[in-house]
Amino acid sequence: MKFGELKIKNFLIISEATVSLANRGLLLIEGQNDDDESANSNGAGKSSLVDALCWCLFGVTARGVSGDAVINKKAKKECVVGVEVWTEDLNCYYIERGRKSKRLGNNLIVQHVVIDGLDVGGSCELTKTTVAETQKVVNDILGCSYEVFTASIYAAQEKMPDLPALTDKVLKTLIEEAAGIDRLQKASEIAKNKYDKAHDEVESIQQKIDWTTNVLKASEESIGRLKEQDEDYVKKQQAKIAELTDDKKIAEAEIAKITLLSKTDIEVLENRANVVKEQLNNYSTLEAQGRKLQNDFNIEQNKCVLLKSDIEKTKKRIEALNQDATNLNSKIGTRCEECGKVYKAEDLDTAKKAVESQIVKANEELTSQMQGFMTQLEKAKSFARKVSEFKKNLPDVTALVTELSAIDSKLKNNQNHTFEIKSKKERVEMIRKNILECETALGEESPYNKLIAKEVENVSENTQKKAQLEQSLLEAQETERVADSVRQLYSVKGIRAHILDTITPYLNERTAFYLNTLSDGEISATWQTLTKTVKGDFREKFSIEVQSVKGATCFAGLSGGEKRKVRIATSMALQDLVTSRAENPINLYIADEVDHAIDASGLERLMTILDSKAKEHGTALVISHNSLRDWIDNTITVVKKDGSSTLVESK
């Protein structure tokens, strides 16, 4: 796989540029900062050129810049980077990413522009609905992820990984992906899913067998219970017949004890009741007459009371007049309270005569009142005798009511006895029918026989079903065993571990080659899959052991220049692994200021390696702020002027 034309617009410091990356050999990228002569090449945008490629492919630069931060500060919009990706089978993909672009927005697009050597002009669109989904398409085309790209293809000055310092998990993941074993991870997941499915099937069948076993046990227990119930059924029917027969006899005896009135007796009682009712009905009329007589008597009696009251009033008036006469006699010889004159007998004669005259009249009136009272008293006595005689002739209502109640009670009791006899006869008939039903049931087939036959049939069916399930279980267990073997094969301890073990010698051979060249054999870096513990035991752990003849026993103990050599050697070895293992090896190597902190002899060896890389991969980009034209003739100068950079190529 190789990269063709790279187009850049308003990306970081670069305003606009187009550069071909295919078969460029060893290509030096220099910088020229015309905006700041003191900066020399720094800040010109050398790394921005290759960062544009990294951002276009993965949406982030090797230095971790992403989002709106990649937009040229002067333009502030229309940031677009596109690159051609050619595969060895004559297929070309155009990958283009935009940021605040009027045409692309913030999206990533992928087009299949050449298919099997035929130019289709981008008519085959591979872009998905989301950037994340489209990114997966890009990763599939490249055959590597951002982590592998920056670890093996793009040795960035600030992003070159300290492979010896990575953890076991991160280093192993990186190596697996670089070697293409990450595909085995998918195979491992598929194998695990198949095993889980087979295991679930085994458990499902076993659950069905257990359920069928429980059903069989329940059916057998049910048959036993039904047989017992069948025996109890006959006994209960017989006991019920005996009980019903006894109830029938008792009811018939109770009917025989009940005595009913004759028809004649009923007629006599009903006739007498009618007579009593008529007398009671007439009593209200007589009672009204009696109330009228009583009312008349009360009126005459009240008249006597009034006359007697008048007599009493007259007597009191006569007494008062006699007292007045006595009082006049006592005033003779006393003085008048008003004029002071002494009263004489002749002075009171007139008054005395007047009082005496009133006394005579009052006595006459009293005599007349006494005569009227006696006459009224006789009249009232006459009414009293009439009331008394009338009451004597009134019938005895209490006796009539008592007699009528007794008659009603006899008739009601007779009616109740009639209903009771009817009810008991109906009960006797119902008992007789129940006895007949029980006798009929005993003569027919027991209802439990059908249930027992059904359960026996269930036992037969479930026994056959259980046998089939047990056979299916054997087959499923065999499938599970095979799936488990495949799962173990693709597990971290299976073929993946085996491949890692075979990869380690290759990485050691390539690392030794580069590191011996760079350090003249003074530094060694060994890739290992096992690590010795403090107890002297070995455990599985992926690591890189670094040593120096100058005394350093680990990567951390090296000098800055020595660490740079180890990083370059392990990164190049990793790229060789990607090239040897990948389906579409990427024919590009980017060395961004890898010459930093390397002495003159080391630099000469590094240039030899980079030259071989260029010949091997077709293109090796070397970015440096040092003058490397003694080793590299083909150059691109990134010139910064007025806040933006452009490219100037020279050969």
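Predicted model: local features only at pLDDT ≥ 70, side-chain atom pairs only at ≥ 80, totals over all residues.
View 1. Residues are numbered from 1 along each chain as its sequence is written, and side-chain values use heavy atoms, with hydrogens and water left out. The protein contains 12 helices and 14 strands, which are DSSP runs numbered from the N terminus (helices are H or I with at least four residues, strands are E with at least two). Its radius of gyration is 67 Å, well over the 26 Å that the globule rule gives for 651 residues, so the protein is more spread out than a compact globule; this radius is taken over C-alpha atoms, and the rule is 2.2 Å times the number of residues to the power 0.38. Along the principal axes, the C-alpha atoms fill a box of roughly 185 × 120 × 65 Å.

**View 2. Surface and contacts of the whole protein.** The accessible surface of the protein comes to about 36700 Å², and 50% of that surface belongs to carbon and sulfur atoms; such areas come from the Shrake-Rupley method with a 1.4 Å probe, and for residues only the protein chains shown count as cover. Of the 651 residues, 40% are buried, where buried means under 20% relative accessible area, exposed means over 50%, and partly exposed is in between (1.4 Å probe, protein chains only). Among the contacts with a separation of 6 or more, 69% are between residues 24 or more positions apart, a contact meaning heavy atoms within 4.5 Å.

**View 3. Aromatic ring pairs.** The count comes to 5 aromatic pairs, under a rule in which rings of Phe, Tyr and Trp (its six-membered ring) pair if their centres lie within 6.5 Å, with planes under 30 degrees apart counted as stacked, over 60 as edge-to-face and the rest as tilted. The rings of Tyr233 and Tyr448 have centres 5.9 Å apart and planes at 70°, so this pair is edge-to-face. Because Tyr233 lies in helix H5 (residues 182-257) and Tyr448 in helix H9 (residues 447-489), the pair ties together parts that are 215 residues apart in sequence. Phe513 and Tyr514 also form an edge-to-face pair, with 5.2 Å from centre to centre and 70° between the planes. Of these two residues, Phe513 is partly exposed at a relative accessible area of 40%, whereas Tyr514 is buried at 2%.

View 4. Helix H3 (residues 146-153) is mostly covered, with 7 of its 8 residues buried; among them are Tyr146 and Phe149. Ring pairs link Tyr146 and Phe149 with Phe58 into a cluster.

View 5. Val638 has its place in strand E13 (residues 635-641) and is buried, with a relative accessible area of 0%. Leaving aside neighbours within four places in sequence, the residues in contact with Val638 include Ile29, Glu30, Ala44, Lys46 and Leu647. From C-alpha to C-alpha, Val638 and Gly340 are 164 Å apart in space, and they are 298 residues apart in sequence. Asp642 is found in the loop between E13 and strand E14 (644-650), where Asp642 is exposed at 54% relative accessibility and has a positive phi near 55°, although this residue is not a glycine.

View 6. Lys292, in helix H6 (residues 263-330), is exposed at 54%. The C-alpha atoms of Lys292 and Leu12 are separated by 133 Å, and the two residues are 280 residues apart along the chain.
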